[in-house]
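Here are my notes on the structure you sent. They are set out as numbered points, to be read with the model open.

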Amino acid sequence: MSGPRVFRLIQPVDDIEVAVAFYAAVFGAPGERIAVNRHYFTCGGVVLACVEAPLEHREPRPRKDPRIVYLAVDDVEETFERVRAARPRWLDDAIETQFWGERSFYADDPFGNPLCFVQEDTLYLGGPVG
């Protein structure tokens, strides 16, 4: 290994069952229950872990969480429809091409966690824009 790599992201949720239903519908895969309050979804080489913390250990969340999970997808149009059907808390009106070239849309999961879905063949990974 040449340096650190991200292998797991924790997505804090208030209801594990609602989270599993949402992400399973969006990803088209059931994921795996690891513990009563923890469910894993494999996204490429990274695990998205939905975790429902006990009430006494939950931290207050900012009104709009600045940490966005970016997910590369093969078909951004199909994903947009799956996200819409899964009933997110908030969803962009349409897919847009960003000035850096990515075709993407943003949504919030049912708990307000921000997500961005990006068409795989338009990923911007650094370098000059335009």
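1. In what order do the four strands of the open sheet lie? The order is β1-β4-β3-β2, and the pairing is mixed. The edges are formed by β1 (8-12) and β2 (32-35), each of which pairs on one side only. From one strand to the next, the twist averages 30°. Please keep in mind throughout that this is a predicted model.

2. How far can the prediction be trusted? Over the protein chain the mean pLDDT is 90, and 89% of the residues reach 70 or more. Among the elements of the chain, the lowest mean pLDDT belongs to β1, at 92, and the highest to α1, at 98.

3. Take the parallel pair next. β1 and β4 (residues 46-51) run parallel and are joined by five bridges.

4. β3 and β4 run antiparallel, with six bridges between them; R38 has V51 in β4 as its bridge partner. β2 and β3 are also antiparallel, over three bridges, and E32 stands opposite Y40 in β3.

5. Two hairpins belong in the description. One joins β2 to β3 through two residues. The other is formed by β3 and β4, again with two residues between the strands. In the turn of this β3-β4 hairpin, G44 has a positive phi of about 65°.

6. Which helix packs on the sheet? It is α1 (residues 16-27), which touches β1, β2, β3 (38-43) and β4. The direction of α1 makes about 15° with that of β3.

7. The aromatic rings deserve a paragraph. The model has eight aromatic pairs. F22 and Y23 make an edge-to-face pair, with 5.1 Å from centre to centre and 90° between the planes. Both of these residues are buried. Y23 also pairs with F27, this time in a tilted arrangement: the centres are 5.6 Å apart and the planes make 45°. Ring pairs link F22, Y23, F27 and F41 into a cluster.

8. Why are Y23 and F27 about one helical turn apart? They lie four residues apart in helix α1, so about one turn separates them. Y23 has a relative accessible area of 0%, so it is buried. F27 counts as partly exposed because its relative accessibility is 22%, and the cut-off for buried is under 20%.

9. Leaving aside residues up to four places away in sequence, Y23 touches Q11, G28, F41, L48, C50, D109 and L115.

10. The largest nonpolar core has 23 residues. Those with the most contacts inside it are Y23, C50, V83, F105, L115 and F117. At least two residues of this core come from each of α1, β4, β5 (69-73), α2 (76-85), β8 (103-108) and β9 (114-119). α1 gives the most, with six residues. In soluble globular proteins generally, nonpolar side chains tend to be buried together.

11. R87 needs a remark on its backbone. Its phi is near 65°, a positive value in a residue other than glycine. Most residues other than glycine have a negative phi. R87 lies in the loop between α2 and β6 (90-91). Is R87 buried or exposed? R87 counts as exposed because its relative accessibility is 69%, and the cut-off for exposed is over 50%.

12. Last, look at T97, which is found in strand β7 (residues 96-97). With a relative accessible area of 53%, T97 is exposed. Not counting residues up to four places away in sequence, T97 touches E102 and R103. T97 and T122 are 25 residues apart along the chain, and 9.1 Å separates their C-alpha atoms.

Technical notes: Residues numbered from 1 in each chain as written. Predicted model: local features only at pLDDT ≥ 70, side-chain atom pairs only at ≥ 80, totals over all residues. Heavy atoms only, no water. Pairing = 2+ DSSP bridges. Axes fitted to C-alpha atoms, helices over the stretch in contact; angles between N-to-C directions. Contact = heavy atoms within 4.5 Å. Phe/Tyr/Trp six-rings, centres within 6.5 Å; stacked < 30°, edge-to-face > 60°. Buried < 20%, exposed > 50% of the residue type's maximum accessible area, 1.4 Å probe, protein only. pLDDT = per-residue confidence, 0-100. Core = buried A, V, L, I, M, F, W, Y, C linked by side-chain atoms within 4.5 Å.
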